[in-house]
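Biologist: I'd like to learn how to read a fold from its contacts and strand pairings. Could you walk me through one?

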Amino acid sequence: MAEVILMPRLSDTMTEGVIAAWHKKVGDTVNKGDLLAEIETDKATMELDSYQTGVLLHIGAPAGGKLQVNDLLAILGKPGEDVSALVAQHTPGTAPQAAPSTAPASVPAAAQPAAAPSVDVSKMEEVVLMPRLSDTMTEGVIAAWHKNIGDTVKKGEILADIETDKATMELESYKDGTLLYQGAKAGEKIQVNDLLCIIGKEGLDVNGIVAALKNGAPAAAGNAPAPATTAPVATQANNTAPAAAPTVVNEGRIFASPLAKKLAEEKGIDLRYVKGSGDNGRIIKADIDNYVPGTAPASATSVSTVTPAAASGQVRYEDVPVSQMRKTIARRLSESLFTAPHFYLTMSIDMDAAVAARAKLNENAKVKISFNDLVVKATAMALKQHPKVNSSWMGDFIRYNQHVNIGVAVAVDEGLLVPVVRFADTLSLSQIATQVKEYAQKAKDKKLQPADWEGSTFTISNLGMFGIDQFTAIINPPDSCILAVGGISQEPVVKNGQIVPGNVMKVTLSCDHRVVDGATGAAFLQTLKSLLEEPLRMLI
């Protein structure tokens, strides 16, 4: 008997999946465990294995097509078996067809378009909705379009850069066609599952689709304002161009983020003339957005304008829109601080042995071990001995995690990202060092994926490299604790009754008092201290 395979829920937030590729075609024999298809979810592209043996008799959507969770994905059975009844049973076309037969008689024609989105949207391959690119994302900002209306789009090409609450991510097209409609201009926001764009064949009734999706809203509303808004900008640029000759501000190797390089290439901007405002003069997206061709560098302009302003006593300021990442940081950490009752435990750790051990380890190491890597390893081992610290407050129950996933806070231009070192207690120091370095680079290049920052059970925030001796951190939900690590400083310490110079590092543990008590947190810090003061114990 034929077996029906429905679109599985491959992540906790998945509502629909895109068929990235079929590895079997209708008529092929499929064995149990064979790779059937690749499914693009809201978090990653995942492989789907067959859980039975048979012949592939039907597929629910071609490559590039979208299916809702629990929609018909495929049917396996015996060669020549009639599956038409199963297809009809699992195709949501029978019930909706009854409505049109009675609608003309009893329902006004104006009411019919309102029902269109619930019936047709999931079946419109041309419609691209704003995807949920992170577990906490509710809306996205169009950082940049890589395709304009009328451009030919191929499967796999980058459509747009979407700024989420955690990073700016590239959105690739999953089908071929022509870009017929854009749901918003660069810089505008779109809610998750709202219309992002339409990709199809020329001549498609775009107005009808947009009107149906927006419950009868005028289809041209999304595109009409574009000429009006772009014209003044062009005029302003032309008027200011003669103000100053371009000045070279970057010579030799130019440091710029990948997104800034792409935007500069699209706009024809020579990065030699762009003043970077990022770390160490790195050019970021905002520098490209604010760059006006033919003018002096931003720093020179600001100097010339600020000087007379100070003399005349004018009040000057700049309003910068809040990024999606900053909004989420503000919301989540406010919720954490005002919901979870924080308390703080600080301890000084003698790092003399760790300093000596690190020097020995790095003499012949292929991957250089940092002090932060030593802290991550020691923390992971201490968490295994103190599971109450490796826990989460879940409202009606407390979850004690048996695995150790440590989030390592990484500062980026727009805020803070926390990629996760998974199963850190099972990793060697070199493996931890490799992962942390890779995550840090991916974070700065805005290449982190949702799977990279989800699932932490404990967080470490290290500001020691910035010269900070001691600080307190806000807990990163759903973790119950976060460790704030200061720098290693030379201080006078007492050893064997004598005052001698020593390397001291201060750490502060922020605890959620709903889960962790003072004695529990103190015991964890004692274990952490003993491991860092005798680092050879971490190698056992």
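Biologist: Let's start with leucine 532. Leaving aside neighbours within four places in sequence, which residues is leucine 532 in contact with?

Modeller: This is a predicted model, so keep that in mind as we go. Leucine 532 is in contact with Ile349, Asp350, Met351, Ala354, Leu374, Val375, Ala378 and Met505, once neighbours within four places are set aside.

Biologist: And what does one make of a list like that?

Modeller: The general idea first: in soluble globular proteins, nonpolar side chains tend to be buried together. Here the largest nonpolar core has 42 residues. Leu532 is one of those with the most contacts inside that core, along with Ile406, Phe458 and Leu483.

Biologist: Which elements give two or more residues to this core?

Modeller: They are E17, H11, strand E20 (406-408), helix H12 (429-444), E24, E25, E26 and H14. H11 gives the most, with 8 residues. Apart from this core lies another, of 31 residues, among them Val128, Ile162, Val192 and Cys197.

Biologist: Now H14. How do I check a helix's length, and which of its residues are buried?

Modeller: As for burial, Thr520, Gly521, Phe524, Leu525, Thr527, Leu528, Leu531 and Leu532 are buried in H14. Looking down the helix axis, these buried residues fall within an arc of 160°, so they line one face of H14. Ala519 and Gln526, on the other side of H14, are exposed.

Biologist: What covers the buried residues of H14?

Modeller: The cover includes strand E17 (342-350), helix H10 (352-361) and helix H11 (371-385). It also includes strands E24 (458-462), E25 (481-495) and E26 (498-512).

Biologist: Three of those strands are numbered in a row. How do I read their pairing?

Modeller: Strands of a sheet pair through backbone hydrogen bonds, either parallel or antiparallel. You get both cases here. E24 and E25 run parallel and are joined by 4 bridges, with serine 461 partnered by alanine 484 in E25. E25 and E26 pair in the antiparallel sense over 13 bridges; there, lysine 495 has glutamine 498 in E26 as its bridge partner.

Biologist: What sits between E25 and E26?

Modeller: A turn: the two strands form a hairpin with 2 residues between them. Asparagine 496 in that turn has a positive phi of about 55°.

Biologist: Which strands does E6 pair with?

Modeller: Strand E6 (residues 54-59) is joined to strand E3 (residues 29-30) by 2 antiparallel bridges. Valine 30 has glycine 54 in E6 as its bridge partner. E6 also pairs in the antiparallel sense with strand E8 (residues 72-77), over 4 bridges, and leucine 56 stands opposite leucine 76 in E8.

Terms used
Residues numbered from 1 in each chain as written. Predicted model: local features only at pLDDT ≥ 70, side-chain atom pairs only at ≥ 80, totals over all residues. Heavy atoms only, no water. Buried < 20%, exposed > 50% of the residue type's maximum accessible area, 1.4 Å probe, protein only. Arc of directions from axis to C-beta. Contact = heavy atoms within 4.5 Å. Pairing = 2+ DSSP bridges. Core = buried A, V, L, I, M, F, W, Y, C linked by side-chain atoms within 4.5 Å.
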